[in-house]
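Here are my notes on the model you sent over. Have a look at the fold first, then read on.

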Amino acid sequence: MTHYFIIPGYQGSGPDHWQTWIENKQPNFHRIHQKNWNNPDINDWTATIDKVLSAYEDETIVLVAHSLGCLTVAEWFKRYNRKVKAALLVAPPDLNLVRKNINTDLFKENPILKLPFKSVLVASSNDPWISIDTASSYAKHWGSDFINIGDAGHINNLSGYGEWEQGYEILKTLA
């Protein structure tokens, strides 16, 4: 059985977010809860991910990350070198904006490295947190398939993405 792990970003994903909608679709969808959504600590966040995932066989795991959760997945892989089945990476933020707007010391190095598992990066052409060119560059470096869904903001509930069927369909291709 495949286990899907929801990995929200900065400030978490509330009840109207597409991650919550997807999480509630099947019993094998699980959210990884961080200690503090509003003051991210990359050491804690990656350790929490690894602790939760260690109870499952790597080849049964699909990660479903949004925003800062995408950079956290890359950093988690860099630190723990675990190969999961796949990852859906939606609307990763530009690291420079993360440093400027959230925490200058959150990432010591850029977590842009080749991921050794299938991944799809979904981005928007008008995301205030990343340019489409930078998102495309992340996909290239991570070895991810790249999908530009057009003008979709940050692909969150504030942009109208609560029940996101397209995202769910993309996710099903990773299973």
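The points below go from the overall fold to the cores and then to one histidine.

1. Ground rules. This is a predicted model, so to speak of local features a pLDDT of at least 70 is needed, side-chain atom pairs count only at pLDDT 80 or more, and totals for chains, interfaces and linings use all residues. Residues are numbered from 1 along each chain as its sequence is written, and side-chain values use heavy atoms, with hydrogens and water left out.

2. Fold. The protein chain has six helices and six strands, counted as DSSP runs (H or I of at least four residues for helices, E of at least two for strands) and numbered from the N terminus. Along the sequence they follow the pattern β-α-β-α-β-α-β-α-β-α-β-α. The radius of gyration is 14 Å, close to the 16 Å from the globule rule for 175 residues, so the chain is as compact as a globular protein of that length. That radius is taken over C-alpha atoms, and the rule is 2.2 Å times the number of residues to the power 0.38.

3. Packing. Buried residues make up 54% of the 175, where buried means under 20% relative accessible area, exposed over 50% and partly exposed in between (1.4 Å probe, protein chains only). Among contacts (heavy atoms within 4.5 Å) between residues at least 6 apart in sequence, 76% join residues at least 24 apart.

4. Main core. The largest nonpolar core has 35 residues, and Leu53, Leu63, Leu71, Leu89, Phe107 and Trp142 have the most contacts inside it. Such a core is a set of buried Ala, Val, Leu, Ile, Met, Phe, Trp, Tyr and Cys residues joined through side-chain atoms within 4.5 Å. Elements giving two or more residues to this core include strand E1 (3-7), helix H3 (68-80) and helix H5 (132-142). H3 gives the most, with seven residues.

5. Leaving aside residues up to four places away in sequence, Trp142 touches Cys70, Leu71, Ala74, Leu89 and Pro92, among others. A second, separate core of 23 residues includes Trp21, Ile22, Trp164 and Ile170.

6. His33. Where is His33 found? His33 lies in the loop between strand E2 (29-31) and H2. At 55% relative accessibility, His33 counts as exposed.
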